[in-house]
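Subject: Structure for you to look at

Hello,

Here is the structure I said I would pass on. My notes on it follow below the sequence and the model.

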Amino acid sequence: MMLLEHHAKELLGRSGFPVPEGILVTSARSAVRTVALPAIVKAQVPVGGRGKAGGIVSVKTETELDAALAGVMDMTIKGHKVRACRIEASVDYSAECYLSLSVDADAGGVRVVMSADGGVDIENPVVRENILSQVVAADLTHVDAAISALSAELPSTLHSALAEAGHDVARQFFALEALLIEINPLFVRKDGSWIAGDAKLVIDENALPRQDGLRALIEENAALYPEAALKMEHGFDFVVLDPDGDIGLVTTGAGLSMQLIDELVARGHRPFNFCDIRTGGFKGDPARLIQVFRWIVEGRNVRSILMNFFAGMTDLGELAKLMLVAMDGVPEMTRIPVTARMIGNGLAEARAVFAAAGSPIAIETDLESAIARATARARPFS
Amino acid sequence: MIRDLVTPGMPVIVQGLTGRSGRDQTARMLKYGTHIVAGVSPRDDENSAVPCFRSCAEAVATTGAKASVVIVPPLSVLSSIREAVDAGIKLVVAITEGMPIHDALKARALVREAGVHWIGASTPGLAIPGKIKLGFLPDISLAPGTLGVMSKSGTLSYEVCHRLVSRGLGQSLWVGVGGDPVKGTRFADLLPVFADDNGTDAIVVVGEIGGNDEEELAQRILDTSFSKPVFALLAGRNAREGVTMGHAGALIGGDGGSVEAKANALEAAGVTVCARIEELANSVAAAIKRLTHNTEKMTA
C-alpha cells in the first residue's frame, strides 16, 4: 500500500532526510496554519497524477491558501476522496532530479533509478532515454554500489547530492521493507544541498507484523487508511467500492471476489463492496460475518446480498450455522434478501440447517444462477 | 523441469505438519494419493498420519523426500524454504499467505542459487489430477484432462476449473503461482513446461490486476512462437487504482497493472482474453472440440 506523501516525508525526515516544513490538515477550516508563505497545498491521496488533477496548488497569501484548501479538500482524485491536505513551505532550488528504489518483482531484485531531470519532465520521452537504471540483488551492499555507480554518471553539480540522498533512501528502503521509495522531484540547490519535493513510499502490508512503526502509523491514522486499518484490526479485506451500490457481497477468495464484481458490473449493476472474508479464519466464531453484515446494511441502496462460498476447506454446514447466528445479530439484515451460492463439503447439511430454521436464505449451487437471482432481487421496485 | 520432477510416486514432506492446517491438508493430500512420507515440526503430534521430524535434514535423510509442502506462519516461510533447500529438497510449494515481500526476494535468490523449484508463496499448490496433489486444490475442480492451467488466484481458478470439468474438460497439470508480486514461479516460467508436454492441448490462464506476470507471459508466447491455444480470464476490471484487492500483488499502481494493459498485451500475442467466466468456459470448450475433431479427421 502507498502511504500518503505527508507520512512518507515524516518517516524520511525522522531519519535525517531533508524534507520541507509541512503540516497535515484534515479540514478546510483547520485553525493551525504554522507554515510560512508562500506555500503549496497538496491533496493527500494514495495515487499519482495529483498535479494533473488539480490537487496541488501554490499559494502566496492567506486568502489564496483558504481558497486552495477549500477547493482541494472538496476533490475526489481517481476515486479517492481527499480527506487531508499537506500544507508545505515552498523551497528554492536550482535543479529538479529523480531518484527511486523499487522491488523489481520480475527480476527478483531492487531497481535503482536516477535522472538529472525529474519532476513532471520524467514523463518526457527524451528525458526517459537518459534515465540511469540498474537492477541489483536485494541487499544494502549491492544497492549502495549501484547508487555510487549511477550517481557517478551524473553531472558533477549533482553527483554528490544524488549519491548521498540515494544512500539515505537505501537504508530506509531496507529498514522499512519498502516496495518503492520515489523522490520526485529531488530538489538540488546551488550549494549542492538537497531536499525532497515529493516522496512516494509504498510499504508491504505483509511485513506489518514486524514493522512496529508502520503499524502504529496506520493505527493512529485509521481514518486516512481505512482499508489497511480494517485489515489490521479484523484480519480480512473489505473495501467499499460504491457507497450507492445496489448489491452487497459476502465472499471469500480475492480473485473470485474481484471477478464477481466484474461480472455484476458487466450486467449493469453496482456492487457496494469488495470482500475477502477468509472463512478459514472464522474458527467457529460468527464475528466476521456480523461485522461484514453491519457494514453492508450501512449501504443505503443495497437491495440484495450475494454470498459466494466455494468451499475447498470450509464445511458448509458449520458455515450455515454461523450465518444464522450472524443474521440474528444484525436485525437490519431481515429487510435485504440473501442469495447464497454454496458448493463443496457439507452442502446437504447447510440446506438442512437453513430448512430447520425456516431461513429465507436462497441456496444456489451454480454461480450464474446465483448472480441471476441476486441481480433480479436488486432491481428497483417500479 | 517441473513436469519431470512431479511424478506420482515422488516422496513428499510437509513442513508445519502439526499445525491445524498442516494436519488437515496432509490428510487430504494422502487421501488424494500423494506420497507423503514425513513431516517437520518443532513439536510432536501423537496422532499425525506420518512420522514427524525435528528438521528437514533429518526428514530428507531418512525418507529420501524430493518435494516439500510448506504450511508454516508467514514470518517463518523464508527460514523453512532455506531449511528445505539446505536439506536437498528439489521442489518447494509454499502455501502460506502473507509472506513479506523482502523475504520473498531472499527466498527467490537462494532457490535460484541452489537450482531448486519454488512455487508460491500464497499458492493453493499444484496437481496432476488423478495422480498427485501438492497443496489444497479442491477435488471438485480436479479431473484428468488436456488443459494446462496456470493461476494467480486460488478461488477464481477453482470456479473456472469446476465449470470446465463439468463440461468434461480436465487438466494435464494445474499450477497455482500465487497472488504475491515476488514469487518462486511466474506464468512465463511455466510456458516451456506446457509447450513440451504432449498431454497438454491448450492453456488456461487465470490472471488478475497487479504486477506484470501476464505481460511477461504475452512476450514469452511471442518470443518462443508458442503454438498451443491460450485462453485468459483477468479479474479486477473494476478495481480502484491505489487500493489493494485482497492479494498482496493485486494493486494497480500509476505505472500499470490494469486489466486493460494485460488484455492488450495478451491479445497482441494471440491469446483469447475473456471478461466473464462463462465466456471463457465456452471458448475453451469450443476450441477443444475443434482440436479433437481435427485430430480425429487426421487419424481417420
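A salt bridge joins the side chains of R341(A) and E159(B), with 2.6 Å from N to O. Please keep in mind that this is a predicted model. Between chain A and chain B the count of salt bridges is six. Polar contacts across the same interface come to 17 residue pairs, with both residues at pLDDT 80 or more.

On the side of chain A that touches chain B, the elements giving two or more residues are the helices α5 (156-175), α7 (226-234), α8 (254-266) and α12 (367-378), together with the strands β10 (178-188), β13 (237-240) and β17 (338-344). Helix α8(A) gives the largest share, 10 residues. By type, the residues on this side of chain A are 27 nonpolar, 13 polar and 16 charged.

As for the extent of the contact, 56 residues of chain A and 52 residues of chain B take part. The two chains bury about 4,400 Å² between them, and 56% of that is on carbon and sulfur atoms. The residues of chain A that lose the most area to chain B are N206(A), M258(A) and F310(A), which together make up 15% of what that side buries.

Next, the aromatic rings. Over all chains, the count is six aromatic pairs. One of them is Y93(A) with F187(A), a stacked pair with 3.9 Å centre to centre and 15° between the planes. This pair links distant parts of the chain, 94 residues apart: Y93(A) is in the loop between β6 (85-89) and β7 (95-104) of chain A, while F187(A) is in strand β10 of chain A.

F173(A) and F174(A) make an edge-to-face pair, with 5.4 Å centre to centre and 85° between the planes. F173(A) is at 0% relative accessibility and so counts as buried. Ring pairs also link F236(A), F238(A) and W295(A) into a cluster.

Last, some points about the backbone. Most peptide bonds are trans, and most residues other than glycine have a negative phi. Which peptide bonds are cis here? Among them are the bond joining L37(A) and P38(A), with omega about 0°, and the bond from N184(A) to P185(A), with omega near 5°. P38(A) is in the loop between β1 (22-25) and β2 (39-43) of chain A. P185(A) lies in strand β10 of chain A, the strand that also holds F187(A).

R278(A) is not a glycine, yet its phi is positive, near 55°. R278(A) sits in the loop between β15 (273-276) and α9 (287-297) of chain A, and with a relative accessible area of 18% it is buried. In chain B, S122(B) is also not a glycine and has a positive phi of about 60°. S122(B) is in the loop between β6 (117-120) and β7 (125-128) of chain B, and at 10% relative accessibility it counts as buried.

Regards

How values were computed
Residues are numbered from 1 along each chain as its sequence is written. Chains are lettered from A and ligands numbered from 1 in the order in which they are written. This is a predicted model: local features need pLDDT of at least 70, side-chain atom pairs count only at pLDDT 80 or more; totals for chains, interfaces and linings use all residues. Side-chain values use heavy atoms; hydrogens and water are left out. Contact means heavy atoms within 4.5 Å. Buried area is the accessible area (1.4 Å probe) that two parts lose on being put together, summed over both. A salt bridge is a side-chain nitrogen of Lys or Arg within 4 Å of a carboxyl oxygen of Asp or Glu. A polar contact is a pair of N or O atoms within 3.5 Å; within protein, one must be able to donate a hydrogen and the other to accept it, and residues adjacent in sequence count only if both atoms are side-chain atoms. Helices (H or I, at least four residues) and strands (E, at least two) are DSSP runs, numbered from the N terminus. Ala, Val, Leu, Ile, Met, Phe, Trp, Tyr, Cys and Pro count as nonpolar, Asp, Glu, Lys and Arg as charged, and the others, Gly among them, as polar. Rings of Phe, Tyr and Trp (its six-membered ring) pair if their centres lie within 6.5 Å; planes under 30 degrees apart count as stacked, over 60 as edge-to-face and the rest as tilted. Buried means under 20% relative accessible area, exposed over 50%, partly exposed in between (1.4 Å probe, protein chains only).
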